[in-house]
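Here are my notes on the model, point by point. Please read them with the coordinates open.

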Amino acid sequence: MALTKSQISAAKEYSDEQTLLIELFKILYNVPTMVTCNEAVIDNINNTQELVIQKGMIDPESQKSLIGFYEVAEKEVKEEEEVFRKALAIINEVRNLRHQKIKSLLQSQRSSTFLKLLQVTAVRMPVWYPKNDERPPPLCGAIEPLPSYTAKSGDLVAALVKQSGEERWIVAEAVEFKNGKYEVEDIDVKETNRNFTLEKKNVKPLPLMRADPIISPDAFFPCNTFVLAMYPQTTCFFKALVKASPKTSYDGYEVLFEDDFNQYTIMMIVSQRFVVSFPSSEIIHKDDLKIEY
């Protein structure tokens, strides 16, 4: 009996996931040995330094030994870092495969479960960790994409579309970028008109990486800044005012949404992934605000 296309696709996804998990197991299996070797070098450094302290001076032989140990330690730390970065990249690939599998099952019906899945994708975004003194890259937290950047097929974006006679920002998937315009698809399956052709200025790629406020404090929208944020339990973006930035890489922004009467909602939490810059880049100051909670 011949397999259907969906069965073939499912089998391939399972095979890809298993291949990644096997590779991850091989990496993690060797980690304890690698860490033990690194600890041995650190012990050599500490023991040599203790001898130097006891002598009250550093002789040429001790100096040569320390330099050698430090060079080995630096090399091993870089190798260890690369191993863990590779492991994290594989974990992210596995998460993406599983997310696509779950999404295909849930997107057939508009439900609170699907909205929860959107929030899960926000937490599962990889956290950016710098090498040496690197600056956060574009699409890490609040860092804007480069002007030449275009979202890849399947990436989530904020898109300004016209539905039911009014314009609004929605969560959509990029389909393709062609002739200077985006083809996007509304992720809300309840909408009858789900496909749109939009100018590039009307599409904002969503962050691809989370920022850590301790490591990258500049990769966040500052307080009292207007942003576009996805309103909880919806797939639409609205104008909001940042009142507090995330305290950890897992936290969201504390925001106040602006209503049609220029008043504000109660404080709400929105994850990093679903907060992007407000089109006018309007910034206001705390002393100028008159907010009703």
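1. Start with Glu81. With a relative accessible area of 29%, Glu81 is partly exposed, because its value falls between the limits for buried (under 20% relative accessible area) and exposed (over 50%), for a 1.4 Å probe and protein chains only. Glu81 forms a salt bridge with Arg85, and the closest N and O atoms are 3.0 Å apart. The term salt bridge here requires a side-chain nitrogen of Lys or Arg within 4 Å of a carboxyl oxygen of Asp or Glu. Arg85 is partly exposed too, at 24%. Both residues lie in helix α3, four residues apart, about one turn of the helix.

2. On provenance: this is a predicted model, numbered from 1 along each chain as its sequence is written. Local features need pLDDT of at least 70, side-chain atom pairs count only at pLDDT 80 or more, totals for chains, interfaces and linings use all residues, and side-chain values use heavy atoms, with hydrogens and water left out.

3. Confidence next. The mean pLDDT (the predictor's confidence in each residue, from 0 to 100) is 83 for the protein, and 84% of its residues reach 70 or more. Residues 281-293 fall below 50. Beyond near neighbours in sequence, that stretch still has 21 contacts in the model. Contact means heavy atoms within 4.5 Å.

4. Overall layout. The protein has four helices and 10 strands. These are DSSP runs numbered from the N terminus: helices are H or I with at least four residues, strands are E with at least two. From the N terminus on, the order is α-α-α-α-β-β-β-β-β-β-β-β-β-β. Of the 293 residues, 39% count as buried. Among contacts with a separation of 6 or more, 58% join residues 24 or more positions apart.

5. Other salt bridges. The whole structure has 10 of them. Glu74 pairs with Lys78, with the closest N and O atoms 3.7 Å apart. Both residues sit in helix α3, four residues apart, about one turn of the helix. Glu74 counts as partly exposed at 45% relative accessibility, and Lys78 is partly exposed at 48%. Lys239 and Glu258 also meet in a salt bridge (3.6 Å, N to O). This pair links distant parts of the chain, 19 residues apart: Lys239 is in strand β7, Glu258 in the loop between β8 and β9.

6. Which residues touch the most other members of the largest nonpolar core? They are Phe237, Tyr253 and Phe274, in a core of 37 residues. A nonpolar core is a set of buried Ala, Val, Leu, Ile, Met, Phe, Trp, Tyr and Cys residues joined through side-chain atoms within 4.5 Å. Elements giving two or more residues include α4 (112-124), β1 (156-163), β2 (166-178) and β7 (236-244). β6 gives the most, with five residues. Apart from this core lies another, of 13 residues, among them Ala159, Ala174, Phe196 and Leu198.

7. Phe237 in detail. Leaving aside neighbours within four places in sequence, Phe237 is in contact with residues including Ala158, Trp169, Leu228, Met230 and Phe274.

8. Ser62 is in helix α3 (residues 60-106). Is Ser62 buried or exposed? Ser62 counts as buried, at 10% relative accessibility. Beyond its neighbours within four places in sequence, Ser62 is in contact with Thr48, Val52 and Lys55.

9. Backbone check. Most residues other than glycine have a negative phi. Asn179 has a positive phi, near 55°. Asn179 lies in the loop between β2 and β3 (181-186) and is exposed, at 73%. Asn224 also has a positive phi, about 65°. Asn224 is found in the loop between β5 and β6 and is buried, at 10%.

10. Surface. The protein exposes about 18000 Å², and carbon and sulfur atoms supply 55% of it. Areas come from the Shrake-Rupley method with a 1.4 Å probe; for residues, only the protein chains shown count as cover. Leu88, Ile91, Tyr129, Ile214 and Ile215 make a nonpolar patch of about 480 Å². Patches are made of residues with over 30% relative accessible area and no salt bridge; like charges are joined within 9 Å, nonpolar side chains (Val, Leu, Ile, Met, Phe, Trp, Tyr) within 5 Å. Ile214 lies in the loop between β5 (203-205) and β6 (226-230). Ile214 counts as exposed, at 75% relative accessibility.
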